[in-house]
Amino acid sequence: MAGEKTVETTGLLGWIDRRFPLTSLFKEHMSEYYAPKNFNFWYFFGSLALLVLVIQVVTGIFLVMNYKPDGELAFDSVEYIMREVPWGWLIRYMHSTGASMFFVVVYLHMLRGLFYGSYRKPRELVWIFGVAIFLALMAEAFMGYLLPWGQMSYWGAQVIVNLFSAIPFIGPELAIWIRGDYVVSDATLNRFFALHVIAVPLVLIGLVVAHIIALHEVGSNNPDGVEIKDGPKDAKGHPVDGIPFHPYYSVHDIVGVAGFLIVFAAIVFFAPEMGGYFLEFNNFIPADPLKTPPHIAPVWYFTPFYSMLRAITADFTWILAGASVLAAIILFAKGKPSGIGRIIVFLVLIGLAVAFRIFDAKFWGVVVMGGAVVLLGFLPWLDTSPVKSIRYRPTWHKFLYAIFIVNFLMLGYLGTQPPSPVFNLLSQIGTVIYLGFFFLMPVWSCLGKFKPVPERITFKAH
């Protein structure tokens, strides 16, 4: 009967299919999931992120077998893994390198989404799940960073957890609750270990599954931003501009996996510390509550947001207040949202301008640092461009994206350096550029001369 679910009736596969929809799941998400046939280099990073997640889970399991979450024993247990456990050094370096490479591929994956408008309708929920994955990944990395119990682990956690005390009314109690003590101690290590090993990975894996299910429900985007589901279909109802994910892209992604593993292995075997960016040299010194390192900075993947935190001073809040008023005026006069939406945006920005003068700079540093990440989740509604892909946007839009990328890299570098007046000024300029890029997106994203978008995707065999 047409549309009836077919089931393998013989053999082991048939026995499984009658009890679990293995074949239908494989067809739905692999062999009969049609993806656009014009995927390019940028589309490697989604599958690579999944690969690194598997590497982190597997290596983490082996590390936990020999790690001891105890303030007296944690550092020595890591040294034991490195020196005494057979191949322990390799497992530890794979895990530490994997943490950094996870952020490399996720940042590039998100950048591709920014370029090709993968957050636009109908993929808003896919993007929101992706931002939630990024937040969970940051929490996972931060908690794992404490576990080696070295100097940077201890003092980095001390600085970051103390930031929560800047939250009005509940801040001091919240910071104590997170630490489990008045200072970072054995109690902090134990709860961070539990969260890093059990709680956050479960949330992370659940979000990844939701991200993939949502993606396969609406279909993948492509460099042209053309919806292949709305295009012509063949006799079987499949999009003409699509090809089955398996075997075409499952084999295609092997190229990306091979290239990634070459780079990954080169780092693990020849430069696991990566000059102190992947593993800081101070973290090879046991945690000492009585000796503060001369310069405390987080790992490189947090440094862009750490730069924004340090940029917020009492004087700079005046600039942010003025910028909020200016952005409110521009959005109200030129913004795409109309009616009640425009009024809400205007009132929110004016409220921000007033709030900048009420609360202290430390609080706003925390808000800006966290808000810089959360702001990404609102991209589907901030971008008012009539086209999705950067291919069909005005040339000057591409320059804006280039400025944004260079600015983000600059903020990342500044976050690794000791504070100085010049670096602080550059961080403040970078913070304004970062926030301005998103808050003014409803205005600039719809300006300029846009190229006509083709009805079908453009594809050249390669």
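Analyst: The side chains of D383 and R120 meet in a salt bridge, with N and O 3.6 Å apart; the term means a side-chain nitrogen of Lys or Arg within 4 Å of a carboxyl oxygen of Asp or Glu. D383 sits in the loop between helix 15 (379-382) and helix 16 (395-416), and R120 in the loop between helix 5 and helix 6 (124-146), so the pair ties together parts that are 263 residues apart in sequence. Helices here are DSSP runs of H or I with at least four residues, strands are E runs of at least two, and both are numbered from the N terminus. D383 and R120 are buried, meaning under 20% relative accessible area, while exposed means over 50% and partly exposed lies in between (1.4 Å probe, protein chains only).

Keep in mind that this is a predicted model, where local features need pLDDT of at least 70, side-chain atom pairs count only at pLDDT 80 or more, and totals for chains, interfaces and linings use all residues. Residues are numbered from 1 along each chain as its sequence is written, and side-chain values use heavy atoms, leaving out hydrogens and water.

Next comes R123, whose salt bridge with E227 has its closest N and O atoms 2.8 Å apart. R123 is in the loop between helix 5 and helix 6 and E227 in the loop between helix 9 and strand 2, so this pair links parts 104 residues apart in sequence. R123 and E227 are both buried. Through shared partners, salt bridges also join R120, D383 and R393 into one network.

R83 and E79 both lie in helix 4 (residues 74-83), four residues apart, about one turn of the helix. R83 counts as exposed because its relative accessibility is 65%. The salt bridge count comes to seven.
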